[in-house]
Amino acid sequence: MSMGVIESLALEATSKIVLLVMDGLGDLPDPGHGARTPLEAAHTPNLDTLARASALGRLTPVAPGITPGSGPGHLGLFGYDPLTHLVGRGVLEALGAGIDLQHGDVAARANFCTVDASGVVTDRRAGRIATDVCARLVDKLRKSIARIDDIEIVLKAGKGHRFVAVLRGPGLGGAVSDADPHKEGKPVPKAHPLEAGERNEKSARIVNTLVARATELLKADHPANAILARGFSERPKFAGYLERFKLKAAAIAAYPMYRGVASLAGMDLFVPDGEGAAEAFAVAAKQWASHDYLFIHVKGTDMAGEDGSFDAKVAVIEAVDQALPQLLALSPDVLCITGDHSTPVPMRGHSWHPVPVLVSSKVCFSDGHARFHETSCRTGSLGDLASRDLIAVLLANAGRLDKYGA
């Protein structure tokens, strides 16, 4: 579907839309659990009641057979074609961390690691150091490496061993390889240009200097005695939700990367007090009067899938279900519950499988299915949709799309 058509039909209205994303929600039947998925096995009385009054279906995040990263998965849900709207992970992390990323900046995901005396990485996550330790070490680097040549180095601590690094100054390019071996047992590789040109060569030189200086400064800080950096990228230019769809949108997410994607879509960013659904729904209540559209992100389902823990994924789904009355009490005109991609427990990672989706509104023409899970969604009336087309369904259900043609 042409987004230009959707944008031309978008109407001003007072209706409220909520998109609740349970990250990595989709899964596969598990032979060890009665050939059920976690969504099927979970006790979800509130979701069950909602399902009976909703339209169900499945979403394809990017294209059939293509396994999406979290960035493309969310961009699709927000109505941006992930095949044409390309965003680097560094940009997402920087925006999500609240850095005012400027055009021309080059951003990277970074983290502390452990290297041995010969410079070989022995632990890519530095023993998963605590967040307060990370903040102290980032402050140490910030005080000693404020600039490299004519480039300002902007560093901001994140959760655990992670932080964000931004290069700011003239003549930088984002086409630079990772200074990260992506596995233990190898030394930290030198960054190099991925495309010819002075801008990328300059960025690679600055990155290598940053990594070398950081390693020298951190040599006594075992286990966090070196750094890795990856996902170098420049901020793209996207039209936001207010411009495209006449929606004043809010994003409520505990993790920086998801706030980063939402920032590109022009959403206001809010951080809940915790990582659970209840904390996120409390923020939604506070922002209800001032926003037309609320994107709410729950990370735990994805983490459980990547850990290969069926029971943990069930527990997260049940916690969301238990908190759901908080959200329903706000009476959204349209409520959509889905995931950005599937993270099947047996695969311990993202996959290409379609993602279950539920849309509830007074005019959704409910399917009457007793439960919301992968099997019921296979026969739902929404059918199989490209994620990028979901926004049109939500706008239509909210009465925010004009008639097309005479």
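**Close-ups of a predicted model**

**View 1. R168 and its partners.** The side chains of R168 and D105 are joined by a polar contact of 2.8 Å (a polar contact is a pair of N or O atoms within 3.5 Å; within protein, one must be able to donate a hydrogen and the other to accept it, and residues adjacent in sequence count only if both atoms are side-chain atoms). This is a predicted model, so local features need pLDDT of at least 70 and side-chain atom pairs count only at pLDDT 80 or more, while totals for chains, interfaces and linings use all residues. Residues are numbered from 1 along each chain as its sequence is written, and side-chain values use heavy atoms, with hydrogens and water left out. You'll find R168 in strand 7, which covers residues 162–168 (helices, H or I, at least four residues, and strands, E, at least two, are DSSP runs numbered from the N terminus). R168 is buried, at a relative accessible area of 18% (buried means under 20% relative accessible area, exposed over 50%, partly exposed in between, with a 1.4 Å probe and protein chains only). Setting aside residues up to four places away in sequence, R168 touches I99, D100, L101, Q102, D105, D150, I151, E152 and V154 (contact means heavy atoms within 4.5 Å).

View 2. F112 and F163 make a tilted pair, 4.8 Å centre to centre with 40 degrees between the planes. The pair ties together distant parts of the chain, with F112 in strand 3 (residues 106–115) and F163 in strand 7, 51 residues apart. F112 is buried at a relative accessible area of 0%, and F163 also counts as buried, at 4% relative accessibility.

View 3. Y241 and F245 form an edge-to-face aromatic pair, 5.1 Å centre to centre and 85 degrees between the planes. Both sit in helix 8 (residues 241–245), four residues apart, or about one turn of the helix. Y241 and F245 are both buried.

**View 4. Helix 5 crossing helix 9.** The axes of helix 5 (residues 89–96) and helix 9 (residues 256–264) come within 6 Å and cross at roughly 95 degrees (axes are lines fitted to C-alpha atoms, for helices over the stretch in contact, and angles run from 0 to 180 degrees between N-to-C directions). Helix 5 and helix 9 are therefore roughly perpendicular to each other (angles under 35 degrees count as roughly parallel, over 145 as roughly antiparallel, 65 to 115 as roughly perpendicular and the rest as oblique). On the helix 5 side, R89, L92, E93, L95 and G96 meet P256, M257, R259, G260, V261, S263 and L264 of helix 9. Sorted by class, the residues of this contact are six nonpolar, three polar and three charged (Ala, Val, Leu, Ile, Met, Phe, Trp, Tyr, Cys and Pro count as nonpolar, Asp, Glu, Lys and Arg as charged, and the others, Gly among them, as polar).

**View 5. Helix 3 against helix 12.** Helix 3 (residues 45–52) and helix 12 (residues 310–328) pack with their axes 7 Å apart, at an angle of about 55 degrees. Helix 3 and helix 12 are therefore oblique to each other. P45, N46, L47 and L50 of helix 3 make the contact with D321, Q322, L324, P325 and L328 of helix 12. The tally for helix 3 with helix 12 is six nonpolar, two polar and one charged residues.

**View 6. Helix 14, wrapped up.** Seven of the eight residues of helix 14 (residues 390–397) are buried, so this helix is largely enclosed by the rest of the structure. The buried residues are L390, I391, A392, V393, L394, L395 and N397. Just past helix 14, G399 takes a positive phi of about 70 degrees.

View 7. P223 lies in the loop between helix 7 (198–217) and strand 8 (226–233) and is partly exposed, at a relative accessible area of 29%. Beyond residues up to four places away in sequence, P223 touches C113, T114, A126 and I129. H192 is in the loop between strand 7 and helix 7, and at 42% relative accessibility H192 counts as partly exposed. Neighbours within four places in sequence aside, H192 is in contact with A175, V176, S177 and A204.

Definitions and conventions: Rings of Phe, Tyr and Trp (its six-membered ring) pair if their centres lie within 6.5 Å; planes under 30 degrees apart count as stacked, over 60 as edge-to-face and the rest as tilted.
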